Amino acid sequence: MEQELIWDLEQEKQRIMVHPILGRIEKGRRVKFTYDGREVEGYEGEPIAASLKAQGVMIHRYTAKKHSPRGIFCAIGRCTDCVMVVDGEPNIRTCITPLREGMTVQTQYGVSAEPFENQ
Amino acid sequence: MISYKADVIIIGGGIIGCATAYYLAKNNISVTVLEASDYIGNGGSSRNGGGVRQSGRDPRELPLVMYGIRNLWPHLSEEIGVDTEYHQDGNLRLGKNVHHREILQGLTDRANKVGLDVRMIDGDEVRKIIPYLSDEVTVASWCPTDGHANPLTTTLGYYKTARKLGARFYTGVKVMELRKVKGELRRVLTDDGSVFEADQIMVAAGYESRKLLGSVGIDVPMTRSLLEALVTEAEPHLFDQMLGTADADFYGHQTKHGSFVFGGSSGFEGFNKDNCTPMTSSITAPAICRGIMKYFPDLADAKIVRTWAGWSDKSADGVPVLGRVEEVPGLIVACAFTGHGFGIAPAIGDQMAKLIMSGTTDIDISALHYDRFKAKI
Amino acid sequence: MNTLSDRSRDIGEFVSQPGDEMIICRCEEITKGEIRRAVHEGMFTMTEIRRYLRAGMGLCQGQTCSKLVKGIVARELKVSPADLEPATSRVPMRPIEMKVFANENEDEDE
Amino acid sequence: MYYLRYMAGAKVPLSERNDMKRYDLIVVGAGPSGLSAAIEASKRGVKTIVFDENARPGGQLFKQIHKFFGSKEHKAKIRGFVIGQQLLDEAGKAGVEVVLNATVIGLYQDKEIVVKTGDTVHHYKGDSIIIATGASENMVTFDGWTLPGVIGAGAAQTLMNLHGIKPGKRVLMLGSGNVGLVVSFQLMQAGCEVAALVDAAPEIGGYGVHAAKVARTGVPFYLSHTIVKAEGTDHVTGVTIAAVDDHFRFIPGTEKHFDVDTICVAVGLSPMSQLLKMAGCRMSDDPKRSGQVPIIDGHGETSIPGLFAAGDVSGIEEASSAMIEGRQAGIYAAEFLGFISKTEMDNGEEKLDAALDGLRQGMFAPKNRGKNIEKTEEGIDISRNLLCRGFIGDDEIERFPGVTHKAGVHPVIECTQNIPCNPCQDACAMHCIMVGKVITALPAVDPSLKCADCGMCVASCSGQAIFLVNEDCGDGTATVTLPYEFLPVPDEGTRGRALGRNGQEVCDAEVVKIRTSPAYDHTTLLTMSVPKEFAMKARFFKANA
């Protein structure tokens, strides 16, 4: 098994469990958090964006002017495209914000968690 | 090297110079604007907090800003083809204690004396206007006809439209000297050896005006201080008023974009160190933040994305120097705005253009004459 | 060093082009066409473009788009991008909460 | 400063405050250059602190899982993340204080920085400061470039190599510089499929060996092509590319569509020099250094005395160069601060200068940027196929000195460009392989010497360009041993197809030997048996589905 990429097919199709060079990928504790009201799981300490990507979430926010979807772009906290509403606070760079148990993560519409039609 | 002739030369490409150029160009006067830096509106014009205030102003300059708010600001966006983001939703000057109340009462009395509607209101009334303000706010002066606008688009809008109407702008050209011809001011000499000629020359170069005016034997007592401001990320809309405090801890507003623009102070503005560029100091932005949070705790989580600093040209008595300099025929001066030149700029531009074209102004500006400064004994 | 720039020099009329609707500044959603038009309206510098359009004034402060904007402005002005001074860099390098920036008094003994 | 900030409204009395800290040297950025600088300074007695905004130190090194080029002193054939770990260990031993999750939000006058850690900001002053903030990625625009699924190549590296997340299932790479090539390979290592590698330039920008190792797995290269459109409404579901003419205009009718969920953009890096600009350093826009850089003297000192710049922030190069520049900056700072004499500085510097100079040679050297090089230093025509399609043509390979023929197992070195790299020479205990004194020379194989078939050359080649070939096993077959860094590793006896240098299937093949060893450092040596006429054509193995 060591020589195979092992995927947790249940819910983490996009995770690399064993890597040919890096070996087994060490992760923190499995924790629950909510994403747009749904309870989901990720690994403590990994960026929120990584947890979401593992669930196949592509859209982090919709822009203020043109309402166009955005997701991970630079993954290192520079471009600010991946921002979401985290624990009620908008514009949180999910690619560099570590996941903690019980976090509330919401898609951001403009600068709010309220979809545009309710704003 | 250029040799160029125009009816009017304006030295200084800030909002005063751009606005004046616009009102002149609109009347088919040929005007050339010379800006020392590489950018239009690079001084206080682009760095201020955007207040379009009457309250708190000295009675000597108040009529000008009232004129602007009545006649110019309301339709300025259409006129200069940009969104100036002008809002006339009032100005609140906040206070928390008896001392503040005294300061605010003094300002209010002074405003009422010259016919400006400013009222003292209590904490509850304040929170009716902006519910997010701290319970510690117990008093405010309230001027409902004040407001704010976007200094960047307003300045560049004046520039853009003046340019389109034929005003010539040169940036990156530093005027070194004013020169008379047969007793009348006619020429400006620049650092690259160019000579510009005109019948009338307006100096609107902020603090730098002092040195220039010196070349024709005129002095305006002013100094400069480095003021700092900051802007946050865009946030949901909270309020439309202009804010300030009795203690001058901070001032600012929420922009149309959603970001909050706040200026403020550490208390050392007059003594800030610079390296010849308007560089922020490490102590001021945190002080501004603390100032804001004392009044507006809800903004604690707002993220600051940029801070900046800008020089203000402080006159000895806190109001600008404006108008013709009779002893140097052909010279007009508009400087020393002391940190509150933005809101008044359209009126200045309009009136200076009138002064240049007809020799008179609609508003009496005699109290702002350059020769008003006298020794105290 | 400041360089003389005649803001009335002829750079031609603004003519819309295919691709003008392309977003360049991702944060503030400013398009290529808006930037090109602004140049023809007299905004010859990166600093003026920024102040006039908000391109590069969003959450990321131009970290993604500044080179792209520079290229577009340079092309309109028919100069090399290297000849255009980038907009000033300012504190903070990353967005910082007001309460954190304000909090410089905590002692640390780590 | 204490006094000022106290007056400015701080609540804590002056005497109890300890939030302005002073160091001899503050280093901003714990990447290859920053850590190297801190190590050298610290070793010379300089009280040094390093700040980095990331949760892990090492900068880009921890995302670089390939073996580095260079010679021994450049840590050649060691993988980037291992070098990162070595640097960290060295920094620890040298007594360097490294503060992570510490964002330097500003560089002020008087060499003061403000650092955000947790929920507070701290003021630090350095008697000298080294800025080693590295680089950020460039971007290009195309229709749909803001769609989720369009990411920077650096983002892909971060996701897969730091966080263990596949950036996508099927990826199109835009950009054939070293980053684009290396990340394409890494994507495959992470289990993603790379649909194509696209570049608007007519020739690949990166090392030919990096291209060749991608091309032989079957990834098609589309040079003189670029992206027309990223497709999809909510996120990327496909991409259309098209050929471009000499003026980078699309040629109608050449459009090609790929079903992909991810588009990776690798179009170069720019120095991240904002802190230096903010501090008022004199800057210049230098295309040879890939952007806005501080004007520095021969010691990396900016126009502000005591403020140094090292690594990519002063011009884009390789991590190997950044490490040397960092070491130099650390030594310069030590001299600036009076911890060592000028003579001691010069002594330490000489070796580093030579090492740096060694790296700055060859056809990819900074001085050769933008030049059209058609021949190697040896006067051999460079493979046109390699430049334009990513692989060397079967008819082109014989002219290079690493390709020789003899009976029995022998190395075939498909290293055809002058790059500063020589581990293969040391790898061969039998001295079959010769690079010589000039580190950029093409490796030559001496067929008169015996090959022990140890595989060390194969595993030590950072470019994965060395194969062990037995052209005739006597039974009509040949064996080809190749470096294999993917999972799953096929078992011995696995049947499949051999792929040529161009990634096309050339013949049937069977895995006859799998070798792993700590000495190979995670490179598996896969030996496949092929019909002997394919000995010089078969270069990759693909198991039957």
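This is a predicted model: local features need pLDDT of at least 70, side-chain atom pairs count only at pLDDT 80 or more; totals for chains, interfaces and linings use all residues.
## Overall form of chain D

Chain D contains 12 helices and 28 strands. Along the principal axes, its C-alpha atoms fill a box of roughly 90 × 55 × 40 Å. The radius of gyration of chain D is 25 Å, which agrees with the value near 24 Å that a compact globule of 545 residues would have.

Of the 545 residues in chain D, 61% are buried. Among contacts in chain D with a separation of 6 or more, 64% are between residues 24 or more positions apart.

## Contact between chains D and B

Chain D and chain B each bring 13 residues to their contact. On the side of chain D that touches chain B, at least two residues come from each of α1 (2–7), β4 (102–108), β5 (112–117) and β6 (120–131) of chain D. Helix α1(D) provides the largest share of this side, with 3 residues.

By class, the side of chain D that touches chain B consists of 6 nonpolar, 5 polar and 2 charged residues.

## Strand β12 of chain B

Strand β12 of chain B spans residues 222–232 and is mostly covered, with 9 of its 11 residues buried. A residue counts as buried here if 20 or more other C-beta atoms lie within 10 Å of its own.

Two pairings of β12(B) may be described. With strand β16 of chain B (residues 303–315), β12(B) pairs in the antiparallel sense over 11 bridges; within this pairing, Thr223(B) has Lys314(B) in β16(B) as its bridge partner. Strand β15 of chain B (residues 260–264) also runs antiparallel to β12(B), and 4 bridges join them. Here Glu228(B) stands opposite Gly264(B) in β15(B).

## A three-stranded sheet in chain A

Chain A holds an open sheet of 3 strands in the order β6-β5-β10, and its pairing is mixed. Strands β6 (69–70) and β10 (108–109) of chain A lie at the edges; each has a single partner strand, so one side of each is left without a neighbour in the sheet.

Strand β5 of chain A, residues 61–62, pairs with β10(A) in the parallel sense over 2 bridges. At the level of residues, Tyr62(A) stands opposite Tyr109(A) in β10(A).

Methods. Residues are numbered from 1 along each chain as its sequence is written. Chains are lettered from A and ligands numbered from 1 in the order in which they are written. Two strands pair if DSSP finds at least two bridges between them. Two residues are in contact if their C-beta atoms, placed from the backbone, lie within 7 Å. Ala, Val, Leu, Ile, Met, Phe, Trp, Tyr, Cys and Pro count as nonpolar, Asp, Glu, Lys and Arg as charged, and the others, Gly among them, as polar. A residue is buried if 20 or more other C-beta atoms lie within 10 Å of its own, exposed if 12 or fewer, and partly exposed in between; C-beta atoms are placed from the backbone. The radius of gyration is taken over C-alpha atoms; the globule rule is 2.2 Å times the number of residues to the power 0.38.
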